[in-house]
Amino acid sequence: MTTAEELTEFAHLATLDDAELATLAAAGHDVSYPPGHRLIVEGEAADRCWLIRDGHVLLDAHVPGRGDLTVQTLGRGDLLGWSWLVPPYRWRFGARTLDAVRAIEFDSAALATFADADPMFGRALATMLFEAVLERLQATRARLLDLYRNPADPRSGPPRSGAGR
């Protein structure tokens with residue numbers, strides 16, 4: 001079983017107080033996955049989430065005719081899988097391990113029950129997950145800006161040799 005003390009090492013959980021960490025810990029347990037393990041299949045029922053301790057997880061999206069394309073790589077301290085929080089409770093992306101992964105897996109039914117019983121915990125949990133969503137959105141924005149930058153624009157590339165002389 002996961003302890004509240006173990007959860008204090010994760011920056012994403014810094015907004016939770018001791019009681020909220022204890023509640024969160026009660027819904028979690030340690031898991032390990034080998035490289036190449038499919039954690040999430042896009043479109044299937046979302047019933048859990050993870051906090052990555054070690055290793056890397058590739059988020060992917062299925063593109064017809066092109067297969068599964070990686071959209072982001074998650075690592076230590078990242079949260080994975082908040083689709084359980086929003087109807088229709090289906091995974092919106094896929095995920096597989098890049099290398100061996102150790103994580104804390106949280107049961108979404110337990111989290112929902114705890115949130116219903118303690119609205120302050122529910123608010124803290126939703127806020128923490130929303131902060132992770134915003135972080136992921138900012139990372140996506142940065143990737144899109146890089147992808148669609150104009151290579152002819154001198155502001156969009158690395159400084160040229162002798163620039164500013």
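**Briefing: pocket, cavity and side-chain pairs in a predicted model**

The largest pocket has a volume of about 360 Å³. A pocket here is an open set of points on a 1 Å grid over the protein atoms alone, with protein on both sides within 12 Å along at least five of seven lines, while a cavity is a set of points where a 1.4 Å probe fits but cannot get out; lining residues have an atom within 4 Å of a point. Of the 20 residues lining the largest pocket, Trp82, Ser83, Arg92, Phe93 and Arg136 are the closest to its centre. The model is predicted, so local features need pLDDT of at least 70 and side-chain atom pairs count only at pLDDT 80 or more, whereas totals for chains, interfaces and linings use all residues. Residues are numbered from 1 along each chain as its sequence is written, and side-chain values use heavy atoms, with hydrogens and water left out.

**Overall architecture**

- The protein has 4 helices and 8 strands, taken as DSSP runs numbered from the N terminus (helices H or I, at least four residues; strands E, at least two).
- Along the sequence, the elements follow the pattern α-α-β-β-β-β-β-β-β-β-α-α.
- Of the 165 residues, 36% count as buried, where buried means under 20% relative accessible area, exposed over 50% and partly exposed in between (1.4 Å probe, protein chains only).
- Among contacts with a separation of 6 or more, 72% come from residues 24 or more positions apart; contact means heavy atoms within 4.5 Å.

**Lining of the largest pocket**

- Strand S5 (67-74) and helix H4 (119-147) each supply at least two residues of this lining.
- Helix H4 gives the most, with 7 residues.
- By class, the pocket lining has 13 nonpolar, 4 polar and 3 charged residues; Ala, Val, Leu, Ile, Met, Phe, Trp, Tyr, Cys and Pro count as nonpolar, Asp, Glu, Lys and Arg as charged, and the others, Gly among them, as polar.

**The cavity**

- The structure holds 1 cavity of 30 Å³ or more.
- About 70 Å³ of space lies in the largest cavity, a volume being the space filled by probe spheres set on grid points that are joined across faces, edges and corners.
- The cavity lining consists of Leu13, Leu24, Cys49, Leu51, Leu79, Trp84, Phe106, Leu111, Leu125, Met128 and Leu129.
- This lining divides into 11 nonpolar, no polar and no charged residues.
- Strand S3 and helix H4 each supply at least two of the lining residues, and the largest share, 3 residues, comes from H4.

**Aromatic pair**

- The count comes to 1 aromatic pair, under a rule by which rings of Phe, Tyr and Trp (its six-membered ring) pair if their centres lie within 6.5 Å, with planes under 30 degrees apart counted as stacked, over 60 as edge-to-face and the rest as tilted.
- The pair of Trp50 and Trp91 is stacked, because the ring centres are 6.0 Å apart and the planes stand at 25°.
- This pair links distant parts of the chain, with Trp50 in strand S3 (residues 48-54) and Trp91 in the loop between strand S6 (79-80) and strand S7 (94-97), 41 residues apart.
- Trp50 is buried at 2% relative accessibility, and Trp91 is buried with a relative accessible area of 6%.

**Salt bridges**

- There are 8 salt bridges, each a side-chain nitrogen of Lys or Arg within 4 Å of a carboxyl oxygen of Asp or Glu.
- Arg76 and Glu9 meet in a salt bridge with an N to O distance of 2.9 Å. Arg76 lies in the loop between S5 and S6 and Glu9 in the loop between helix H1 (4-7) and helix H2 (18-26), so this pair ties together parts that are 67 residues apart in sequence.
- Arg76 is partly exposed at 49% relative accessible area, as is Glu9 at 43%.
- Arg48 forms a salt bridge with Glu105, their closest N and O atoms being 3.8 Å apart. With Arg48 in strand S3 and Glu105 in strand S8 (residues 101-107), the pair ties together parts that are 57 residues apart in sequence.
- Arg48 is partly exposed at 28% relative accessibility, whereas Glu105 is buried at 11%.
- A further salt bridge joins the side chains of Arg102 and Asp54 (2.5 Å, N to O). Arg102 in strand S8 and Asp54 in strand S3 are 48 residues apart.
- Arg102 is partly exposed at 42% relative accessibility, and Asp54 is partly exposed at 32%.
- Glu6, Asp30 and Arg53 are linked in a network of salt bridges.
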